[in-house]
Amino acid sequence: GGGAGSGCCGGGASTDEDGSESQSLVKDSARVKDPASCAKKVFLRELPFMRECELQQSSMTVLEYQKMMRQALREVIVNKAGLQISSFESIDHDVIFWKVTASRARLQQLAAEFSYTTTYHESAYEAVDMEPPEINGIVLHAHGKFMLDRADDFEELMSMDDVRLVLAALSNHVKLDALQPQHIIERWFPAAKFDEMKNLTDSVIGWPLSHKVRCLPQERDADHIRNYFGSEIAGFFSFYNMLILSKRWPAMVGVLVAFVRRFRPASFHLTWMNTVFAGFGCLVIVWGMYFVSHAEHGVEMDRMRWGSDSGGGGGVRMSDYEPKNRGNWKQGLYSAAGKGITFVFLIIVVVTCTLIALKVPDKRLSPILQTATTFAFSFIWGKIAKNIVKLENKRTLAAFNRALTLRLTFVKLFIFFTPL
């Protein structure tokens, strides 16, 4: 939707402009025996019509109840949450959409009300005669709780911020998930903004598409994605970009090895070929260790640039976190042991797959053993990796999940690609 922030609510079945249904999905005789109790499952605060229903102790038809609830929902969204509603019909004229938005001033009020964490603007540093820190050419602006009286010191709220704030304002008054079972609305969802989505597509994909497909991902692509979709989705693309870019040199060596294997001269003995394979395997292990370290650094840089721990589940503290062990020699020992275990495990994988390839001449049995070994190693590593990350004493659930994802992703990719 347009405007500042948005989320759309689609009315159930076919609805009139006032929210009443013209074609019902329920029988006319169906009744709601206790409308006040049903309404309390939706609204977090008691409304006047609930008390009236309780005093009258009356029932009403489902259609009457839905019409009453939609009118109450509109009043709560506009008068209580301070949001704006505009409505429009679907192309088939069988559904009414409510577009819920907020003005820029209201979004700033909500950001202050919910102590929303956002990025400081360049002017905030100029006011205190400071320069923002810079690492590897990347400027890292600090993040802080939004303050209404210092709104100019913060960056403009992004599309994802708008959606989160509108959703928070709605959730402060209404249980959105309780609206659907009662067929007050059909569903709710954050609406796309066509202009911003088109700009994102042009920035990341570009045109013509065939030209962009041949290009390597750019470091700033993840920033464009983050500005629209948020840091969680952008984090995936950032990691994927790092993976693709770091694979360039191993891929070149791999192409050379494949070329030698396909067109090797008769004088090139099979033993030498196996030595080349073993050397390439060692190269992949070294690359893997470098990539794990590089990716962890990259993820940490993204976290600092985007303030990823500020929203969602990022701030959920791990129950077994020990602050006193953070940064001491014991923590460093666990971290080094985790990398050492990873390195040894990769060596075991390579040696095992190599031995199966060399010692099992049966062309039918060898692939079966390779497949069984691959799944066995994958299962074992899933258990080991979780315990390694636990020993690293991560403070938040987001940090734990990031570290676990990195260890699982690289090693499992390595395990499944090694037999090839």
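User: Axes are lines fitted to C-alpha atoms, for helices over the stretch in contact, and angles run from 0 to 180 degrees between N-to-C directions. With that settled, at what angle do helix 11 and helix 12 pack?

Analyst: In this predicted model, helix 11 (residues 231-246) packs against helix 12 (residues 248-263) at an angle of about 40°. The axes of the two helices are 5 Å apart.

User: Where is the place of Leu-216?

Analyst: Leu-216 sits in the loop between helix 9 (209-213) and helix 10 (221-229). Its relative accessible area is 38%, so Leu-216 counts as partly exposed.

User: New topic: how many helices and strands has the chain?

Analyst: The chain has 16 helices and 12 strands. Its residues number 420, and 38% of them count as buried. Among contacts between residues at least 6 apart in sequence, 72% join residues at least 24 apart.

User: Which residues of the largest nonpolar core touch the most other members?

Analyst: They are Phe-43, Phe-49, Leu-73 and Leu-83, in a core of 44 residues. Several elements give two or more residues to this core, including helix 2 (48-56), helix 3 (62-80), strand 7 (96-102) and helix 4 (104-113). Helix 3 provides the largest share, eight residues.

User: What is Phe-49 in contact with?

Analyst: Leaving aside neighbours within four places in sequence, Phe-49 is in contact with Ala-39, Phe-43, Met-68, Met-69 and Ala-72. Another core lies apart from the largest one; it has 28 residues, among them Val-284, Phe-410, Phe-414 and Ile-415.

User: What about helix 14: how many residues has it?

Analyst: Helix 14 (residues 329-359) has 31 residues. From first C-alpha to last it reaches 44 Å, close to the 45 Å expected at 1.5 Å a residue. Its buried residues include Thr-342, Phe-345, Leu-346, Val-349, Val-350 and Cys-353. An α-helix has 3.6 residues a turn, so residues three or four places apart point the same way.

User: And which residues are buried in helix 15?

Analyst: Among them are Phe-377, Ser-378, Trp-381, Ala-385, Ile-388 and Val-389. Helix 15 (residues 365-391) has 27 residues and reaches 39 Å, close to the 39 Å expected. Just after helix 15, Asn-393 takes a positive phi of about 60°.

User: What is the phi of His-93?

Analyst: Phi of His-93 is near 60°, a positive value in a residue other than glycine. His-93 lies in the loop between strand 6 (84-89) and strand 7.

User: Is His-93 buried or exposed?

Analyst: Exposed means over 50% relative accessible area; His-93 is at 55%, so it counts as exposed. His-183 likewise has a positive phi near 60°, in the loop between helix 7 and strand 12 (185-189). With a relative accessible area of 40%, His-183 is partly exposed.

Conventions. Residues numbered from 1 in each chain as written. Predicted model: local features only at pLDDT ≥ 70, side-chain atom pairs only at ≥ 80, totals over all residues. Heavy atoms only, no water. Helix = DSSP H or I, 4+ residues; strand = E, 2+ residues; numbered from the N terminus. Expected span 1.5 Å × (residues − 1). Buried < 20%, exposed > 50% of the residue type's maximum accessible area, 1.4 Å probe, protein only. Core = buried A, V, L, I, M, F, W, Y, C linked by side-chain atoms within 4.5 Å. Contact = heavy atoms within 4.5 Å.
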